[in-house]
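Open the model in your viewer and keep the selection tool at hand. The tour below goes stop by stop.

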Amino acid sequence: MKFALALLSLAYVLPSVLGSSATIFIEFLSNPYPHLQVWESGVNAGAKTIAEAQVATLVSLVSTSIHVRSLLDDINALVDLNQGYSQCQKGSNGASSTAPPPTTTTNSNNNGGSCSGATKFKYFGVNESSAEFGDGKFPGVLGTDYTWPSPSSIDYFVGKGMNFFRIPFAMERLSPSGLTGPFDATYLSGLKTIVSYTTSKGAYAAIDPHNYARFNGAVITNTNAFSTWWKNLANEFKSNSRVIFDLNNEPWGISASEAATLMQAGINGVRSSGASQLIFVEGTSWTGAWSWISSGNGDAFKSLNDPLGNTAIEMHQYLDSDGSGSSGTCVSSTVGVERFTAATNWLKANNLKGFLGEIGGGSNDVCIAAVKNTLCYLQQQGGTWIGAAWWAAGPWWGTYFQSIEPPSGAAVSRILPEALLPFV
């Protein structure tokens, strides 16, 4: 999820929570990289750093994690910077999936209407976001800076008929000594535990290094090291057929060709381990569906090669005015269809399969209609789109408007039954 800011510095007074003297300051800094520094004062003695967010450009785009649970209600606009965008059949070029032939059905809509000619998604569920929290705090403290998804959340969605969970995590915590170094045994164990639990329920788990094509704040340029990293990680999961490898979340600030080169290195690493499971690749510009062609991803990703032909193109799309997912107001009930049309045509023209890795909106009539129309459109494309996942579940989202964490996340009461479950 990205978040546009009109100002490079602002102060936000929070009398209702912190008292009349409490203030939040956001400062734009240029070193050691363009980022925002967030400070609080009037709460404890002196000012202290409480969060830090990298920005996509020097001007306005933020793509990172700010997790301030105690302030969530009063600084929704700030906390919505939480990580996110923050949001196959075998083909001739090998970068497609070996998914079984699609089944065409008519999905009943519990709130009126139906989706005729729909091909049921093979993978449908939610993102389980929490292990990537605490950006910049590495290794961080479990339970303070980050946590793992709750098994009860997995149970809840499986009970609703969902079968897919995308599990973000931080590369820096898994590989504290560098991309080619050994994995941290404790963090790897945590990842394996939630993955094993998920797949033991008959669901699929996509492991997602939620790093925006970066490691310790720097763009990953060493493709050999990235390939080695994925070889080593895939080796840990290659015996579990229900694990999917999501190579890296939402690259930004690099060219489409650089993103494609990085993804090809990841494919090479996974396959060199002997792993045969499905791979998701993501493009630059936060892998947005609406910018897939204009960003250059369309040209750059045509030549990806998977020797097993088991790769899908993962795209993300939010439905607010700037496509960031920072607002609960959707442009229109048809905005999703409009934003996916060109990318869908590209997938079909190149005999590729797509996966919608993140989508979100507010719990209101327009957004619910927009999400439903989007998912129906994707299911009407003859199996071109193999699945979709809502952003996001996770135990620390509090009152975040897209939280679908049971039992009381903001999106549980309407988004789940009205916009998502009709497509299970």
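A disulfide here is a pair of cysteine sulfur atoms within 2.5 Å. Keep in mind that this model is predicted.

**Whole chain.** Show everything as cartoon. The protein has 11 helices and 18 strands. It has 424 residues, and 59% of them count as buried. The accessible area is about 14800 Å², with 52% belonging to carbon and sulfur atoms.

**Disulfides.** There are 2 in the structure. In sequence order, the bonded cysteines pair 1-4 and 2-3.

Select Cys330 and Cys367. Their sulfur atoms sit 2.0 Å apart. The link is right-handed, with 110° about the S-S bond. Cys330 is in the loop between strand 16 (311-318) and helix 9 (335-349), while Cys367 is in helix 10; the two are 37 residues apart. Both cysteines are buried.

Next, select Cys115 and Cys376. Here the sulfur atoms are 2.1 Å apart. This link is right-handed too, at 100° about the S-S bond. Cys115 belongs to strand 8 (residues 114-119) and Cys376 to helix 10 (residues 365-379), so the pair ties together parts 261 residues apart in sequence. Cys115 and Cys376 are each buried.

**Thr198.** Move to helix 5 (residues 185-200) and pick Thr198. Is Thr198 buried or exposed? Its relative accessibility is 0%, so Thr198 counts as buried. Show its surroundings. Beyond neighbours within four places in sequence, Thr198 is in contact with Ile154, Phe165, Ile167, Ala203, Tyr204 and Ala205.

Key
Residues are numbered from 1 along each chain as its sequence is written. This is a predicted model: local features need pLDDT of at least 70, side-chain atom pairs count only at pLDDT 80 or more; totals for chains, interfaces and linings use all residues. Side-chain values use heavy atoms; hydrogens and water are left out. Helices (H or I, at least four residues) and strands (E, at least two) are DSSP runs, numbered from the N terminus. Buried means under 20% relative accessible area, exposed over 50%, partly exposed in between (1.4 Å probe, protein chains only). Accessible areas come from the Shrake-Rupley method with a 1.4 Å probe; for residues, only the protein chains shown count as cover. Contact means heavy atoms within 4.5 Å.
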